[in-house]
Amino acid sequence: MLVFLIEKEFKQIIRHSFIPKLLIVFPVMVMLVFPWAATMEIKNISINITDLDHSTLSKKLVQKISASNYFRLTGLSSSHADAIEEIEFGNADILLEIKSGFEKQLIREGATNVSISSNAVNGAKGGLGAAYLSGILQEYTMEQLAILGIKPVPVIKTTESYLFNPMLNYKIFIIPAIITMLLTMLCGFLPALNIVGEKEAGTMEQINVTPVPKFSFILAKLIPYWIIGVIALSLCFALANLFYGLTPSGSISTIYIFAAIFLLVVSGLGLIISNYSSTLQQAMFVMFFFMMIMILISGLFTPVSSMPKWAQLITMINPLKYFIQVMRAVYLKGSGMGELTVQMVALIFFAVGANIWAVISYRKTTH
Amino acid sequence: MKIKVSHLTKAYGTTDALQDISFQVPDGQIFGIIGPDGAGKTTLFRILATLLLPNSGTATIAGFDTIKDYKKIRNIIGYMPGRFSLYQDLSVIENLELFATAYHSNIRENYHLIKDIYQQIEPFNDRMAGKLSGGMKQKLALCCALIHKPEVLFLDEPTTGVDAVSRKEFWEMLRKLKDQGITILVSTPYMDEASLCDCIALIQNGTFLHIDTPGKIIDSFPKRLYAIEGDQRTQNLQQLRNNPYIDSVYLYGDRMHLTFKEDPDPHLPEVVLVTPSVEDCFIWLMKKDSYE
């Protein structure tokens with residue numbers, strides 16, 4: 001019976017005008033497009049320079065800045081007021097003002113002042129831009145002083161080494177998290193929408209008057225999506241390797257074991273939503289709402305540790321957070337089962353909890 | 001008694017869908033539930049098909065309680081809801097196989113039962129159910145409801161939206177199924193189909209106005225019924241309603257039916273004595289009900 005029902009689900013999925021395409025296009029798009037778009041690296045900052053000194057040294061500085069790949073020189077202004085206007089029109093993100101007497105003072109005193117103003121509407125961009133610019137200025141000063149034979153003021157030079165992601169490649173950080181998102185959509189929301197769709201079409205009721213046990217009916221709905229989820233997951237691994245050269249440092253079987261538990265969690269959540277919604281529209285809105293919250297407080301884009309205390313508490317009940325942690329730990333740090341017991345316990349807890357809730361809510365809303 | 005219903009009540013919020021419904025259907029009968037849209041027919045069917053829980057009252061099908069023994073009932077009933085509820089994205093044969101399998105049966109086992117109906121849709125075996133015409137869908141739905149040889153068949157408005165010829169054919173099929181010993185509970189908003197049932201219940205606002213055989217219901221019409229044929233009917237209707245001698249008057253097909261407070265002079269021109277139909281009885285009962 002169960003086999004027959006699963007066969008029916010597969011037939012329907014294949015015949016559907018949209019879902020088969022979605023199952024291929026979605027992982028490919030998510031893996032090939034999203035990591036590029038969802039980057040937090042700040043590049044192409046538009047800079048406007050007001051050079052009031054018009055000296056050799058100030059011109060060299062302008063050249064150095066425009067040669068950097070962080071900045072794009074979009075204009076030169078003749079006064080501070082003009083430059084501010086450029087920011088207001090959105091032509092510049094950051095301003096550098098070189099006061100007159102820049103060259104003289106640098107040669108005479110070995111130090112001088114410039115002013116940086118940055119548009120902080122996008123706080124990260126503004127802040128990072130100013131920091132990058134200061135770095136360039138410092139480097140420039142060292143170079144020039146060396147050329148001029150002036151002994152520089154002693155400074156502390158820092159050497160950085162980044163663990164687990166030495167190149168600070170944002171894609172390596174975001175890809176494991178994106179895979180999590182994909183699994184949530186494929187295995188949590190699609191089967192739930194499918195069930196609500198059957199409710200709406202009345203076919204669910206037609207099956208309910210037959211002796212088919214409800215448990216088999218629901219299980220037959222979930223199994224095809226679990227299979228699809230595992231295939232999509234493998235496809236993502238292959239794409240990550242092929243396009244980004246990204247392979248898990250840890251064991252891939254660890255990921256599959258965690259993914260299996262995670263699939264139970266998300267399909268349980270999907271079932272809960274399907275039990276409480278009677279129309280597709282209703283289910284879509286509820287899912288959209290939860291998806292937004294779960295993604296924003298999962299640590300997918302922003303680190304959980306920099307959230308306010310109350311938000312950190314909410315992340316404790318977000319299953320996405322734990323699976324993202326697992327994915328990143330296995331991919332980047334090479335963690336094994338031993339280091340991930342907290343996540344394992346949390347995910348098992350969510351899997352059991354969500355499915356019990358699903359069963360109870362199902363009993364309540366139907367005969 | 002195949003179906004026993006006693007004091008069934010169901011309310012949705014503050015709206016009463018069914019109020020204290022009781023009736024019995026003997027083995028092998030066609031029992032019709034006749035009433036307008038929103039009278040509570042579908043609610044009654046859903047309770048009997050174990051899809052909905054009543055607020056109070058009990059119902060048994062072949063001795064099984066609809067609440068306690070719902071699993072047993074599901075093995076012996078066939079249910080065809082008013083709206084087409086088969087898989088539109090599965091073909092005719094796939095739908096049939098699915099429902100046969102759902103009852104742990106197969107198409108061959110009870111083929112004799114659906115043969116007459118199925119042969120008409122067999123040429124479209126591989127067509128998706130959603131692409132069938134209305135009449136074909138109805139035949140397929142009936143096949144799916146019959147595939148496990150149910151003891152009781154619930155048909156909720158099976159002929160709504162079906163043309164007159166197909167309706168006639170459909171009732172002939174029901175007669176044949178009845179001969180096979182299947183008890184049939186059927187609802188319809190069409191009064192002309194009422195006379196084809198063995199027994200009918202007239203339902204209005206969640207209550208049964210009357211339960212009897214069609215013949216007896218017609219006999220129970222308390223007055224002489226007259227008909228007028230006229231051209232300016234709507235205009236006449238208003239005039240006649242204000243006439244103090246006339247008890248009731250309403251449109252009936254292309255003429256008007258009326259009853260008098262006292263039997264009139266038999267030589268009235270234009271007015272002919274007619275035999276009342278189930279529809280006349282229903283209108284009469286509804287009117288009586290609203291006065292009480």
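1. How many bridges join strand β1 of chain B to β2(B)? Seven, and β1 (residues 3-12) and β2 run antiparallel. Strands here are DSSP runs (E, at least two residues), as are helices (H or I, at least four), numbered from the N terminus. Two strands pair if DSSP finds at least two bridges between them. B:L8 stands opposite B:I21 in β2(B).

2. This is a predicted model: local features need pLDDT of at least 70, side-chain atom pairs count only at pLDDT 80 or more, and totals for chains, interfaces and linings use all residues. Residues are numbered from 1 along each chain as its sequence is written, chains are lettered from A in the order in which they are written, and side-chain values use heavy atoms, without hydrogens and water.

3. The chain B sheet is open, with four strands in the order β2-β1-β4-β5 and antiparallel pairing. Its edge strands are β2 (15-25) and β5 (64-65). Helix α1 (residues 41-48) of chain B packs on this sheet and touches β1, β2 and β4 (56-61). Contact means heavy atoms within 4.5 Å.

4. In chain A, look at α4 (residues 56-67) and α6 (residues 102-109). Their axes, lines fitted to C-alpha atoms over the stretch in contact, lie 7 Å apart. The angle is about 100°, so the two helices are roughly perpendicular (65 to 115 degrees). A:L61 is among the α4(A) residues that meet α6(A), where A:F102 is one of the partners.

5. Between the chains, 29 residues of chain B are in contact with 22 of chain A. The rule finds three salt bridges across this interface. A salt bridge is a side-chain nitrogen of Lys or Arg within 4 Å of a carboxyl oxygen of Asp or Glu. A:K11 and B:E94 form a salt bridge at 3.6 Å, N to O.

Conventions
Axes fitted to C-alpha atoms, helices over the stretch in contact; angles between N-to-C directions. Parallel < 35°, antiparallel > 145°, perpendicular 65-115°, else oblique.
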